[in-house]
Amino acid sequence: PLLPGADVVSATFAGDKTHQPAAVKVLVRVVNSRGTMATGSLRQQQGSGGRAELSVRSNGRTVEGSFVVRVRSRTVKARRLDAFGVDPRATSAWLAGRTVDGSRLIVNVVTHRGRSVVRLWVGGTQLPSIRGLRVRVSRT
């Protein structure tokens with residue numbers, strides 16, 4: 001995911017037997033979503049593969065809140081939250097920030113029929129997913 005701000009995104013295609021080579025370069029402006037993501041009443045939620053306690057909110061400019069996840073024997077806690085995006089139907093969200101040790105943190109939450117899957121990457125390494133949590137995602 002791209003962090004909020006302006007980024008140049010380039011794409012190239014080398015071409016093949018039926019299509020000529022092509023390239024494009026565009027300026028993309030990324031903004032935070034207005035919304036929230038939370039486990040019920042700030043209670044820790046137990047799921048298959050780990051636990052999570054999170055409460056994140058964004059007014060579209062700044063992201064605030066807390067994020068703590070325990071996957072197997074590893075606890076991941078956010079020190080800083082930088083980016084928050086919610087899809088138009090509020091069924092998934094992305095979160096980016098830094099852990100207490102300074103590692104890059106990226107989180108994806110997908111909700112379906114009252115249950116959620118939490119996927120997270122710390123320092124570029126994907127940790128095991130946590131399934132079966134009750135995480136509320138909303139747009140405001």
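Biologist: How many salt bridges are in this one?
Modeller: The count comes to three salt bridges. The rule asks for a side-chain nitrogen of Lys or Arg within 4 Å of a carboxyl oxygen of Asp or Glu.

Biologist: What kind of model is it, and how are residues numbered?
Modeller: It is a predicted model, where local features need pLDDT of at least 70 and side-chain atom pairs count only at pLDDT 80 or more, while totals for chains, interfaces and linings use all residues. Residues are numbered from 1 along each chain as its sequence is written, and side-chain values use heavy atoms, with hydrogens and water left out.

Biologist: Back to the bridges. What does D82 pair with?
Modeller: D82 pairs with R80, where the closest N and O atoms are 2.7 Å apart. D82 also bridges to R104, at 3.5 Å. Shared partners join R80, D82 and R104 into one network.

Biologist: Is D82 buried, partly exposed or exposed?
Modeller: Partly exposed, at 22% relative accessible area. Buried means under 20%, exposed over 50%, and partly exposed in between, with a 1.4 Å probe and protein chains only. R104 is also partly exposed, at 22%, and R80 is at 39%.

Biologist: And which residue does R57 bridge to?
Modeller: E64, with the closest N and O atoms 3.8 Å apart. R57 has a relative accessible area of 40%, and E64 has 45%.

Biologist: New topic. How many helices and strands?
Modeller: Zero helices and 13 strands. Both are DSSP runs numbered from the N terminus: helices are H or I of at least four residues, strands E of at least two.

Biologist: How does strand 8 pair with strand 7 and strand 9?
Modeller: Antiparallel over seven bridges with strand 7 (residues 74-86). Antiparallel over seven bridges with strand 9 (residues 104-112), too. Pairing here needs at least two DSSP bridges between the strands. A83 stands opposite A96 in strand 8, and A93 has V109 of strand 9 as its bridge partner.

Biologist: What happens in the turns?
Modeller: The hairpin of strand 7 and strand 8 has five residues between the strands, and A90 there has a positive phi of about 55°. Between strand 8 and strand 9 there are four residues, and G102 takes a positive phi near 90°.

Biologist: How covered is strand 8 (residues 92-99)?
Modeller: Mostly: six of its eight residues are buried.

Biologist: Which residues have the most contacts inside the largest nonpolar core?
Modeller: M37, L95 and L120, in a core of 27 residues. Strand 7 gives the most to this core, with five residues. A core is a set of buried Ala, Val, Leu, Ile, Met, Phe, Trp, Tyr and Cys residues joined through side-chain atoms within 4.5 Å.

Biologist: What does M37 touch?
Modeller: Leaving out residues up to four places away in sequence, its contacts include L54, F84, A93, L95 and V109. Contact means heavy atoms within 4.5 Å.

Biologist: Which residues form the nonpolar patch on the surface?
Modeller: L2, V9, V24 and V26, with about 290 Å² of accessible area together. Patch residues have over 30% relative accessible area and no salt bridge; like charges are joined within 9 Å, nonpolar side chains (Val, Leu, Ile, Met, Phe, Trp, Tyr) within 5 Å. Areas come from the Shrake-Rupley method with a 1.4 Å probe, and for residues only the protein chains shown count as cover. V9 lies in strand 1 (residues 5-13) and is partly exposed, at 34%.
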